[in-house]
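Have the viewer open and click along.

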Protein chains: 2
Amino acid sequence: MTSAWLAAPIPEPSSSRMATARARQDRLTKPPGSLGRLEELAIGLAGLQDREFPAADRVRIVVFAGDHGVVRAGVSPYPQSVTVEMIRNFSRGGAAISVLARALGAELEVVDVGAASDPGPLPGVVSRRVGAGTRDFRDQPAMTPEEVRLALRAGAEAAWRAVEGGGELFIGGEMGIGNSTSAAAVACALTHKAPAILAGPGAGLDPAGVARKVAVIEASLEHHQFFLKTPLEILSTLGGFEIVALAGAFIAAAQRRLPVLVDGFIVSVAALAAVRLRPEIRPWLLFAHESAEPGHRVVLEALQAAPLLQLGMRLGEASGAAVAVPLLRLACVLHRQMATFAEAGISGG
Amino acid sequence: MTSAWLAAPIPEPSSSRMATARARQDRLTKPPGSLGRLEELAIGLAGLQDREFPAADRVRIVVFAGDHGVVRAGVSPYPQSVTVEMIRNFSRGGAAISVLARALGAELEVVDVGAASDPGPLPGVVSRRVGAGTRDFRDQPAMTPEEVRLALRAGAEAAWRAVEGGGELFIGGEMGIGNSTSAAAVACALTHKAPAILAGPGAGLDPAGVARKVAVIEASLEHHQFFLKTPLEILSTLGGFEIVALAGAFIAAAQRRLPVLVDGFIVSVAALAAVRLRPEIRPWLLFAHESAEPGHRVVLEALQAAPLLQLGMRLGEASGAAVAVPLLRLACVLHRQMATFAEAGISGG
């Protein structure tokens, strides 16, 4: 499979649209700057979407699901079967992200990039299975270079579908038992921070489980130390299919001028890997929330990102990003619909 | 005018509804606690609304507008005429809160409790004018005890209208040039903190203006020091009609089991005064956002409140509370619509 798409140019946001939007914000009937980050969002989206009046009405949420060989090390409180069970739950509309997508009028797509077993055809689920879960990275690379290419491509295709569907905002999410261990390992290799800083309770590990997770990552980083020099090596060695797919999706979205709203810890690690691969995508990433997972703050710092929300969420599935969508929508509608001082005949404008 | 309503009993939230809601949250298909504050919101609203499935679909937003004699001291960068001009802007739908209310499908009501001049009849504006602005509190009480009663009552009537209209959530906002000076003075008297801590730039004062504002409040607190012993004395001496009306609205809302979503600095000062008057209302107050106005944090601490959002907003008009409404709605819809582990046939539930 060719990865020529990965090298395609990444546009810059429109600085003239941003300047126009900033000037409009200063003419709206409010003290300048008094809408805080909602003003920044409207100005930023105007630049990204290259529109006078940006919008986040058509939102595409894609949840990538995959399994992880490293679960054999006892790094999750849930059995691996939960990944496929949750794919079915997404499809039936019972998961948190299913409910949120419906409430927001957003399109939800689930991409199976490699759950441990094949759930078979399901409504709303796209099958792009790279394998039946990754290999256990404690003693071998999680995936082959070809598998990395396939997973990147599965992500890119999801972004292309979003663009073709007229999406104004792309949200990527993940589901995969054990994937906070993979994400923490990738983050350690990318940031050179210690596993004790980046590994946390994930879906609910107890302190003994977290200590085990830290030890597993430490040993794996040691074992693979000469094969962790580039972002693609790191993803191949320690990543998960869903994490790699997210990185591919973000690069492809930026290439097509589709702004991305980044979810929590695991998705942010994918975003960091994507930024290390293609630094020009960074302006295309907006950050939705700071997860309760302690390592998220370190990853956000590496991305120089200040998320919109801090609600103690730690579910994944893109749920934190979905919850931030109304903020973007309200920022856009304020930008478009508020009266200017001149229109309202108000003093001091 | 009688204030007998002020003494009416304030119910407690239903602890049994909260227990039932908490148990449901732990059966939904997610790691327990992983929706963070959205879980707390659903559980808290179930207790407040005494319903199995709480909701925030029918939201009533009431913006109280009034003017302030203390503006003569040069404590605002805007002329006093802006208060009435903004009442017209609310009525015509061009203000931030007008746009937000439309976008949220919320009912917006503006109550003129005493702008400096009478705007006359306007669509969506209720006239409950207590006076043509308060007196300059530098050398006299801002209002008489009878004016306090009228303003409290104007607030209570707005809450009663919200209850009669089937409101599920009450939001109070304010508009009034100079009211961050009045609010800071009230907060100083209620918390015994220094004006330098509670007075900030408000709608956009420069540092020299903030220093003037601090000096005005210091001198006023000194001047009135023997008349600031009770919450009602403090409101009468230093308050504004809209601040007193907000306090009345919050007490009346709690009396009728209507949860309140509290906006920024000025509204939080009104909430603090209301809690000092009737401490039993505290559970009925949810806090939406932390304002960019530095004194807000001090007031929130006095209320032991942890707001949902921190977006650097400092506009007033209930705009910060409005922006938090989607979080409450999403919390409610997740609580109601997510599948349980048993329903989804998922392991580990």
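What follows goes through charged pairs, a helix contact, the nonpolar core and a few loop residues.

## Salt bridges across the chain

Keep in mind that this is a predicted model. Searching the whole structure turns up 34 salt bridges over all chains. One of them joins the side chains of A:Asp50 and A:Arg17, with N to O at 3.1 Å. A:Asp50 sits in the loop between α2 (37-49) and β1 (59-66) of chain A, while A:Arg17 belongs to helix α1 (residues 15-27), so this pair ties together parts that are 33 residues apart in sequence. Both ends are partly exposed: A:Asp50 has a relative accessible area of 36%, and A:Arg17 has 31%.

Next, look at A:Glu107 and A:Arg60, whose side chains also meet in a salt bridge at 3.1 Å, N to O. Here the link runs between strands, with A:Glu107 in β2 (residues 107-114) of chain A and A:Arg60 in β1 of chain A, 47 residues apart. A:Glu107 is partly exposed at 43% relative accessible area, whereas A:Arg60 counts as buried at 10%.

A:Glu157 pairs with A:Arg153, their closest N and O atoms lying 3.2 Å apart. Both residues are in helix α5 (residues 145-164) of chain A, four residues apart, or about one turn of the helix. A:Glu157 is buried because its relative accessible area, 18%, falls under the 20% cut-off. A:Arg153, at 23%, counts as partly exposed. Elsewhere, shared partners join A:Arg60, A:Glu107, A:Glu109 and A:Arg161 into one salt-bridge network.

## Two helices packing in chain B

How do α6 and α11 of chain B pack, in angle and axis distance? Helix α6 (residues 179-191) and helix α11 (residues 265-277) meet at about 35 degrees, and their axes are 9 Å apart. Their crossing is left-handed. From α6(B), the contact residues include B:Ala183, B:Ala187 and B:Leu190, and from α11(B) they include B:Phe265, B:Val269 and B:Leu272. Sorted by class, the contact has ten nonpolar, three polar and one charged residues.

## The nonpolar core

In soluble globular proteins, nonpolar side chains tend to be buried together. In this model, the largest nonpolar core holds 278 residues. Those touching the most other members are A:Ile61, A:Phe250 and A:Leu261, along with B:Ile61, B:Phe250 and B:Leu261.

Zoom in on A:Ile61. Leaving out neighbours within four places in sequence, its contacts include A:Ile97, A:Ala101, A:Leu108, A:Ile171 and A:Ala322. Both A:Glu107 and A:Glu109 are also among the contacts of A:Ile61.

## Loop residues worth a click

Is A:His224 buried or exposed? The residue lies in the loop between α8 (207-223) and α9 (231-238) of chain A, yet A:His224 is buried, with a relative accessible area of 4%. Not counting residues up to four places away in sequence, A:His224 touches A:Phe137, A:Arg138, A:Asp139, A:Gln140, A:Pro141, A:Thr237 and A:Leu238.

Most residues other than glycine have a negative phi. A:Gln304 has a positive one, near 50 degrees, and B:Gln304 has a positive phi of about 50 degrees. A:Gln304 is in the loop between α12 (295-302) and α13 (319-337) of chain A, and B:Gln304 is in the loop between α12 (295-302) and α13 (319-337) of chain B. A:Gln304 counts as exposed at 73% relative accessibility, and B:Gln304 is exposed at 73% too.

How values were computed:
Residues numbered from 1 in each chain as written. Chains lettered and ligands numbered in written order. Predicted model: local features only at pLDDT ≥ 70, side-chain atom pairs only at ≥ 80, totals over all residues. Heavy atoms only, no water. Salt bridge = Lys/Arg side-chain N within 4 Å of Asp/Glu carboxyl O. Buried < 20%, exposed > 50% of the residue type's maximum accessible area, 1.4 Å probe, protein only. Axes fitted to C-alpha atoms, helices over the stretch in contact; angles between N-to-C directions. Left-handed = near helix turned anticlockwise from the far one by under 90°. Contact = heavy atoms within 4.5 Å. Nonpolar A, V, L, I, M, F, W, Y, C, P; charged D, E, K, R; others polar. Core = buried A, V, L, I, M, F, W, Y, C linked by side-chain atoms within 4.5 Å.
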